[in-house]
Structure formats: structure tokens, C-alpha cells
Amino acid sequence: MTSAASREERDITPPPPPPPAEITYSGQYSVNPLAEVSFRRMCGQLPAVLNRIARLAWRTDRRAVQLLLVCQAVAGISAAVLLTATARAMKPVLGDGSADDRLQGAVPALLVVTLAAALGRGTAAVAAYAERRITPRLTTETDSSLVEVVCRVEASAYAEEGFSDRHEAAEMGVMRSHVMVADAQRFLSALIRMVTAGGVLSVLNPLMLPLLLLAVLPAGVGAVLTARVDYEIHYANVADRNVRGMMRWWATTSKYGDEVRANSMADYLVFWYRALSDRCDRRTLAAAPRTLRIALLSALAGGVFLVATWSALAWLVVSGRIELAVAATAVIAVQTVLAALSQVVVNGAAVFHTSLYLSDMQSFLDDAAARTPRRGPRKHSAPTEEIRLEEVVYQYPGKDKPAVDGVSLTLKRGRILAIVGANGSGKSTLTRLLTGIYLPDKGRVTWNGTDLAEVDPATVWANTGLVPQIFAQWPLRVRENITLGQPRTHDDVPVWAAVDAVGLREAVEDLPAGLDTLLSRDVFGGTELSGGQWQRIACSRALYRRPGLLILDEPTSQMDPRGEHQIFEQIKAIAADRITIVVTHRLENTRIADHIVVMEHGRITEQGRYDDLVHGGGTFAELLELSQDR
Ligand SMILES: Nc1ncnc2c1ncn2[C@@H]1O[C@H](COP(=O)(O)OP(=O)(O)OP(=O)(O)O)[C@@H](O)[C@H]1O
């Protein structure tokens, strides 16, 4: 009994799931910044990096930058005044006479010390305020630029190897822009404090400054080496982080929540997510001993030099080379310079570290900006009378066969074309070529006789309405879901007309706020539609545009027969004014088409009218028969 039960238990225990495949970073940078991360490079590049940050900040808020600079200057002056006045106060304090007399002698200098200290604190507070004025807008600006540039790239870039990883790496630049100005500001103010205190110290005794520099140099080298290790790990983890980010969304979004639960995917997804995270952690942990070694060695070297500095100061006093009052001031100056130097080094390394991520971001922004469509100055103007494909070939990057292979077609206004064919035969790719989303590798696509390679694509897409196979369900109001991408008129009449055209009025009127209802159950106050209702929204979005070219890729796959019938009636009713293309696997629906093309392996293998193809004895007839064989 027990053994039967345990056998049964064994039988239902699933085998351990395979770990996620090893992913390597596939981004291609013209320069690998890691190759040259060194202390010398950091020092050499800091001015350029600061200049870049300053220019970014200047573009964001000039007045705040001016305020910041004034604060830095005032802080520097007050630090110099503070130390000089301290030196003045030391003389009477450590001199002869009664305590009362000595204190009285020091009062004027102490007053200056107090004022200078207050000024220093005050300017630090104002500088922090100025930085807080710049940072949020600068981050928003960099973030928005990234979103904009990705929204505008040639769609073919998405299919290129490494594009997505480089995008992920650029996201890190956006994240670092949060701390960029604060780091630069701290670096500059520490530099100014260091220079002023160092100046005062050199006046007191020229030997002190080089000794001090030596004491802090190891910390500087250590900080840069640690930055290098951090960046190395970031580089190694980019691809894993990218995939993990995508999987995180897919696994946790409510959209796929049913599938995750009903198909018992949660265990594997969690395992997968943890396995990928562990892999990232392993790389990070493997680097920990290196960073520990760097920290220990730099602390040891720094400590040795610091002992030498204090010993030198003691020797100067004991041998009578400097007065006690000067030595006391030197102690304060040494402490100030040391603190400032550490800040310079730490913040300098942070600025440099940030600059590595900014370089990734900039390189991606430049690359993406270079990929915005630049196809020539000609403009397409409505009406779209004719679209022609001439021996068009298109092959996706990394694929060994073209997805569309030598297709020629002519589409005329007022006519409906249906495209059918097996999965992967090239139907959707053909629609991307027809709309100029992709340009062909060979052959040409013309609209009203003009090659799309020479036409500003915005003027083409202003005349296009597309219902893709996988359409977006925007977390926006019903109204915006219909009008998105098209200027909206002041009244809702055309919006309701588009709603009526897809038979959705009753459903929209039933929503809590009609057209104003937010369509997202993930957002507070939002509502969710059914799959078929969403598809009707996608159709109404395309119809609302009243496009010269209407493309519907499996537009009714989730609709009930009434909805499907209504959509096809609508397509027929408005067909006279436009070119209409329907991609479908439901061959019965191709009855409405004036012309049908059958695709196989990227080529058109059959074409004609419905009745001709049904009786033609070819692939169309075979597929139709199969669809009716139940
Ligand atoms: N973004 C892409 N990157 C790389 N290859 C792609 C991409 N999109 C499609 N392909 C490939 O191009 C070929 C044609 O795909 P396409 O999506 O055009 O087929 P389809 O006829 O629309 O298929 P379905 O009926 O399944 O929608 C397929 O082999 C597919 O793997």
C-alpha cells in the first residue's frame, strides 16, 4: 500500500525543469569602455564628463545651474576664509597672557570663522536645492528621449541582434542620471574645498601637501578599480537582466494570469526567475573578493601614507621648524583636505562610473537616432489610388531565407485584397512591406507611383489604418483607445460612429463612465473588456482613421459570429473609398475580396477570385476543404 502510494507520488512528481539557457550580451559597441578604465583615463576624462553633465543640466535649467555655480564659488571662498581666520585665532589662543586676554584677542577672528562656517552651510543648502531642481527634469528628459528614440526607429531595428540588450544597457544610463548632478556637484564642491584648504596648507608648510596627496591617492585608485569591477559585472549581466525584466512582466501581468495559473506555470516561472537572478548574483558575488582586495590594499597604502603625514607634522613641530599655532592650524587644514580629497576621489569615481553608463546610453541614443526613417523628402498625399509591389524581397536579419520572396502585386482603390496561406508563409511581413514599415531588400513598393524609399513615412502612415494580429490593449480610456494616433474632433460623434461600426455601443454604454472608462483592470478605477471586445476596439481604432489603406490581419479571430459578420459588412460598406487588405485563415471570409492571393514560403503561389480558387484544385481549395472537414 505504502509502496504503491509512493510510486504514485513519484509518478506525479514533475522532473526538475531545465534551467534558463545561458545568455550572452550581444550588444555591439564601437568602443568597449571597459578596455580602458584606468585611473589615468578617469582623471583625463573627468573634465569632459563634467562638461557633458553641465551641458545637460544647462539645457534643463539654466538658472539652477547658475545658482549652483555661484554657491560653489561662495563655498570655496568661505572655506578659505574659515581656515585663514582659524590660523589667525590660533595665535592669540596659543600665545601668552591670561585666558581672558587670549580669548579676547581671538574674538574678531572667531567671529569671521563663525560667519564663514555659516556661509558655507548656507550655500551647501542652496546648492542642494539647485541640484534638486535640475535632477528630476534632467532624468525625465533623458528617459523621455530614450522612449522617443525607440518609438521612432526603423521597425527593422527590433529584429537586429543586440538591439534589445543595448536598449537595456541604455536604461541604466537613465537610472544613473538620478545621481549624476548630485555626484558632480559634490565632486566640484569637494574639489574647491580641497584646493582652498590645500592652498592654506602649502602656505603653512610646502611639504605637507604632497604628503597628503600621497595619503589619498591609494583611495582614488581603489575607487576607480572598484568602479571598473562594478561595470564589468553590469556588462556581464546585461543580457540576463534584459530577459529577466521581460519575463518578470510576462509572469506577473494580470493579462496572462489565467494562463500562468491554469497551466500550472507558476512553479517553473518562479524557478526560472530565481535561476536567472542567481546567475546574476553569482557573477556579482564572484567579484566580491576582488573588491575586498582592492579596498584592503588601498586602505593599507593610504594608512601608511597618512602615518607619514602626521609624523612629518610632528617632526616639524618638535624640530622647531613651525610654531605650535601653525601646527594646530595645519592639523585642521590636513583634516579638511583629507576629507575633501576623499570626497573628490569617491565622487570623481562616481561621476566617472556614471559616465560609463552615460556612454552606453549616448551610444544607443545616437545609434537609434541614426535609425529613424530617412527615406527622402517626398510626401504622399491622399487619395491613395494605387499600391504596387515589384519583385519585392525581404529577409529578416539572421534568417537564411527571405520571408517575402519576389512578390509582385497591384492594389487599386476601391478593391479588397485577401491574403491567405500557411503559418509563417509571409503574410504579415507582406503587409509590413506594403505599409512601408519595412523597406524591401530588393524590388520596390510604390504608392501612387512613388517609391516608398523616397517618401517621408509619416505621410504614408497618416493614410494607413492597421489592425495587427496582436494588437495593443492600451491602458487608456475608451475614447483614447479609439482616437489614439489621430487628431480628435471636438465632439464624440465620430468616436461613436467608430464604436457603432464594430457593434460595441451597448457594451460601451454599459461601462461605468462610457467613453471615459479607463480600460485597465491593473489601474485603480479601471475596467477590463473581453478579448472579442478588445478586438472590436482595435478595429474601431483603424476605422476611426478613415485610412486610404486599411489592413486587417485576422481582425475577427476572437469575435462571435455576429461581430465577425458586422465587421465584414462594414469593410464592404466602406471599401469604395480605400484599398482594403484582409489577412485571414478563415477562408470563407475571403468571399468579400475582389482578389485573393495564396502565399507559400514567401511567394504567391495562387491568385484569383474566390470562385476560381475554390474550383482551381490548388492549395486554396485544399485548405478550404480541410477547414470544412469536421
Ligand atoms: N520579427 C521577426 N524577426 C525575424 N523573423 C521573423 C520576424 N517576423 C516574422 N519572421 C519570420 O518570417 C517568416 C514569415 O513570418 P510572417 O509573420 O510574415 O508569417 P505569416 O504568414 O503572417 O504567419 P501567421 O499565419 O502565423 O501569422 C516566418 O518564418 C517568421 O519566422
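In which strand is Glu-391 found? I located Glu-391 in strand 1; strands are DSSP runs of E of at least two residues and helices are runs of H or I of at least four residues, numbered from the N terminus.

Basis of the entries. I worked with a predicted model, in which local features need pLDDT of at least 70, side-chain atom pairs count only at pLDDT 80 or more, and totals for chains, interfaces and linings use all residues. Residues are numbered from 1 along each chain as its sequence is written.

Backbone entries. I noted that most residues other than glycine have a negative phi, and most peptide bonds are trans. Glu-391, not a glycine, shows a positive phi of about 45°. I looked up its surroundings: Glu-391 counts as exposed because it has 12 C-beta neighbours inside 10 Å (buried means 20 or more other C-beta atoms within 10 Å of its own, exposed 12 or fewer, partly exposed in between, with C-beta atoms placed from the backbone).

Glu-554 also has a positive phi, of about 50°, and lies in the loop between strand 7 (549-553) and helix 16 (561-574). With 20 C-beta neighbours inside 10 Å, Glu-554 counts as buried.

I then checked the peptide bond from Ala-382 to Pro-383 and found it cis, with omega near 0°. Pro-383 sits in the loop between helix 9 (324-370) and strand 1 (386-394).

Ligand entry. I found 13 residues around the ligand, the closest being Tyr-396, Ala-403, Asn-423, Ser-428 and Thr-429; a residue is near a molecule if its C-beta atom, placed from the backbone, lies within 6 Å of it. Helix 10 (residues 427-434) supplies the largest share of this shell, 3 residues.
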